[in-house]
Amino acid sequence: MFGLGMQELLVILVIALIVVGPKKLPDIAKSLGRGLAEFKRTADEFQRTMLADVSQETSPRIVSHSPPSKGRAPGIERAEEPVEDAPETLEPGTPVR
């Protein structure tokens with residue numbers, strides 16, 4: 001515990017008892033314990049939040065499978081072939097050639 005041995009802790013407690021007094025020492029210890037517990041709770045919540053943010057950033061992104069645009073992939077060049085008599089849109093029930 002912070003590199004302190006049993007003898008050092010006893011000396012600190014005796015000095016605290018002399019300075020604060022026997023009536024106030026339990027109240028101070030209780031307040032200190034509550035403060036440390038609140039600090040630990042806040043630190044754990046912060047750590048959970050940070051880990052959740054990091055896991056969201058490293059998760060794979062969903063890729064949309066939308067139809068390809070009119071552009072071509074880079075590096076592929078092809079001569080345009082004219083299409084004759086091709087309708088702009090097909091009516092429902094029209095057979096596709």
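Which side chains meet in a salt bridge at 2.6 Å, N to O? The side chains of R41 and E38 do.

This is a predicted model, where local features need pLDDT of at least 70, side-chain atom pairs count only at pLDDT 80 or more, and totals for chains, interfaces and linings use all residues. Residues are numbered from 1 along each chain as its sequence is written, and side-chain values use heavy atoms, without hydrogens and water.

View 1. A salt bridge puts a side-chain nitrogen of Lys or Arg within 4 Å of a carboxyl oxygen of Asp or Glu. The structure holds 2 of them. Helices (H or I, at least four residues) are DSSP runs, numbered from the N terminus. E38 counts as partly exposed because its relative accessibility is 42%; the term covers values between buried (under 20%) and exposed (over 50%), with a 1.4 Å probe and protein chains only.

**View 2. K40 and D44 meet in a salt bridge.** The N to O distance is 3.5 Å. Both residues lie in helix 2, 4 residues apart, about one turn of the helix. K40 is exposed, at 53% relative accessible area. D44 is partly exposed, at 30%.

View 3. Helix 1 (residues 6-20) gives the most, with 6 residues. I15 has its place in helix 1. I15 is partly exposed, at 49% relative accessibility.

Technical notes: Helices (H or I, at least four residues) and strands (E, at least two) are DSSP runs, numbered from the N terminus.
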